[in-house]
Amino acid sequence: MTDERPREGRTPSDYPEPQGRPDFLPADDRSDYDGRRPEPPASFGSSWGDPSGRSEGYGSPPYEYRSYDASSSSGSPSGASSHDPRTGPHVGSQTGPQTGPQFSAPTFGPPDGGGSGQPYGSSGGNLPDNGTRAYDSPFFGASDSGARSYEGPPFGSSGEQPPYGGARPYGGSAPPPPRQALGMGTGWAPPPPGPQGTGAARRGPSTGLLVVLAVVIALGASMLGSVGTYLLTKPAGGNDPSYSLGPLPTGATNRAPDSVAGVASRVLPSVVSLEVGNGSNTEGASGSGFLIKNGYVVTNNHVVSLAAKGGEIRIMFNNRKTTSARIVGRDPGSDLAVVKPEETFGTPEITLGNSDQVVVGDPVIAIGSPLGLTGTVTTGIVSSLNRPVIAGDDTGTSAEEPAYISAIQTDAAINPGNSGGPLVNGRGEVVGVNSAIATLGRSMSSQSGSIGLGFAIPVNQTRRVAEELITTGKAKRPKIGIVLEKDYRGAGVKIATEPAGGQQPVDANGPAGKAGLKAGDVILEIDGLALQDGNELIALIRSKAPGAKINVKYQRDGKERSATLVVTADDEPTPSPS
């Protein structure tokens, strides 16, 4: 196929199809491409040449075989149209700022080994006549003055296209093509800048930022690793074979001597448990006791009373060793008894305190065998003092008289089986003997447990009775020599006005008669304590030791009087004070 248009100003092409022009953006800044050498596209092969395959007589693209006038001010070659749409931008000299696209081209050496070696367009004059060219200019065709080194109109400066055809102004063979050169055409763009561009170097992240990022990454990796480990080791079922609560805590087990644990550790070895039978195994009783000087055991009379009828007593110590025991003496009026075990197994004796020094609010500890549970420790405080209590067998079926106790009240838990056990203070000293509890009700088949109202015999009374039982086998009964009127309901306690049971209301030789009291007098106070009923008076008198002095306030004919009495004792127990 041939082009029918005039041949002047263009080079014929033997390609069967029209060649397309590359689509590039115009360049705005030539400085970015100075000094760079573009490489030809792969489609051009390893060197530049005429795309039609013609010999070098017509020259090699992109420069047509045409002479250019370097001195032309119009920038258009003679005899050529000002614009050809099929050609690229004009190539020529330019003395002022370029309006067309600018191209950065590498330095070209002399083609085919010839030439003078001068840079192409370096002096702004015409090309040498010998046909040799030196392509040493960093900008293709631009001299130091801005004018093109080859003659002819500026390439693209006036918008006109150079015509095809014409002779090459520089003669000779085609120059060697630049490496990786881009195609030419309208809208050319400069080659992309290389690493040696003139732009400022881009700064990397600071060292501190890198350290922070490293720490964050490490923490994140650690957390992810922990979560992953948990998920991988998490058991599928409800059991966790690796589950553990850790080792047991270690520490000293010693306790302060005045703590509950410290007191209990000192007192428990001296507390014993008693099992009593009547010999026929039809009846039995159990209770507690404590070891005193010379291997004697103090307990309640109602605990061992069955053994007085031919039964037996077995004692178990805190070390679980047991032995039999015998009754040394017992006092139903005070509900106290003393027994002697055959063997004590080295058990230490307990320390006795002073019950007269006890005040309400003192901390106390009850120790015993409630319901057969040996070595039980309960704590509380002293709730009240001088609480009148009738202990022992109060059902009336026993031939023995009931016990009248001016008791120490406590809220420490006391239950059946605690009877006879010690009530100790914060120093581990015995201040009372647990003997009775208040209950909300009682039936023939069962007993009620503790409701926080327990009662203990004061240790001072216990000390006296125990000494008398050990030394004589019986206890003295304190008295003041009067008979009380049971039906009196007024304030205080009234002395009977008539003889009762063969006894006079006031024994003339007794403590009351000698102090001046008479029948019908109303006793209001004993040692400053206002009396509520006769049981309280009996309990207070029995808690005193024979020979003790008491102050009495009484009323006669509406007038209050006072007297001092010295307590005495009978050799034989009697049902009531006289």
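Colleague: So a salt bridge is a side-chain nitrogen of Lys or Arg within 4 Å of a carboxyl oxygen of Asp or Glu. How many salt bridges does the structure hold?

Modeller: Nine. Bear in mind that this is a predicted model: local features need pLDDT of at least 70, side-chain atom pairs count only at pLDDT 80 or more, and totals for chains, interfaces and linings use all residues. Residues are numbered from 1 along each chain as its sequence is written, and side-chain values use heavy atoms, without hydrogens or water.

Colleague: Fine. Which residue forms a salt bridge with glutamate 401?

Modeller: Arginine 477, with the closest N and O atoms 2.8 Å apart. The pair joins distant parts of the chain. Glutamate 401 is in the loop between β8 and β9 (403–410), and arginine 477 is in strand β13, 76 residues apart. Strands are DSSP runs of E, at least two residues, and helices are runs of H or I, at least four, numbered from the N terminus.

Colleague: Is glutamate 401 buried or exposed?

Modeller: Glutamate 401 counts as buried because its relative accessibility is 18%. The cut-offs are under 20% relative accessible area for buried, over 50% for exposed, and partly exposed in between, with a 1.4 Å probe and protein chains only. Arginine 477 is buried too, with a relative accessible area of 4%.

Colleague: What else forms a salt bridge with arginine 477?

Modeller: Aspartate 331 does, with the closest N and O atoms at 3.8 Å. That pair also links distant parts of the chain. Arginine 477 belongs to strand β13 (residues 477–479) and aspartate 331 to strand β5, 146 residues apart. Both arginine 477 and aspartate 331 are buried.

Colleague: Which residues are linked in that network of salt bridges?

Modeller: Asp331, Glu401, Arg477 and Arg542.

Colleague: Now lysine 553. What is the salt bridge partner there?

Modeller: Glutamate 525, with the closest N and O atoms 3.9 Å apart. Lysine 553 sits in strand β17 and glutamate 525 in strand β15 (residues 522–526), 28 residues apart. Lysine 553 is partly exposed, as its relative accessible area is 30%. Glutamate 525 is partly exposed as well, at 23%.

Colleague: Switching to the fold. How many helices and strands?

Modeller: Six helices and 19 strands. The chain has 578 residues, and 41% of them count as buried.

Colleague: What is the strand order in the closed barrel?

Modeller: The order is β1-β2-β3-β6-β5-β4, six strands with antiparallel pairing. From one strand to the next, the twist averages 40°. Pairing requires at least two DSSP bridges between two strands.

Colleague: How many bridges hold β1 and β4?

Modeller: Five, in the antiparallel sense, between β1 (residues 271–277) and β4 (residues 312–316). One example is serine 273, whose bridge partner in β4 is methionine 316. Helix α4 (residues 459–472) packs on the sheet. That helix touches β3 (297–300), β5 (322–331) and β6 (336–341), and its direction makes about 55° with that of β6. Such angles run from 0 to 180 degrees between N-to-C directions, with axes fitted to C-alpha atoms, for helices over the stretch in contact.

Colleague: What about α2? Which residues are buried there?

Modeller: Gly262, Val263, Ala264 and Val267. The buried residues of α2 pack against β1, β7 (363–368), β8 (376–391) and β10 (422–424). Helix α2 itself covers residues 260–267.

Colleague: What is glycine 262 in contact with?

Modeller: Arg255, Ala256 and Pro257, leaving aside neighbours within four places in sequence. Contact means heavy atoms within 4.5 Å. Glycine 262 has a relative accessible area of 6%, so it is buried. Glycine 426 is 164 residues away in sequence, but 9.5 Å away in space, C-alpha to C-alpha.

Colleague: Last topic, backbone. Where is asparagine 386?

Modeller: In strand β8. Asparagine 386 has a positive phi of about 55° although it is not a glycine. It is partly exposed, at 36% relative accessibility.
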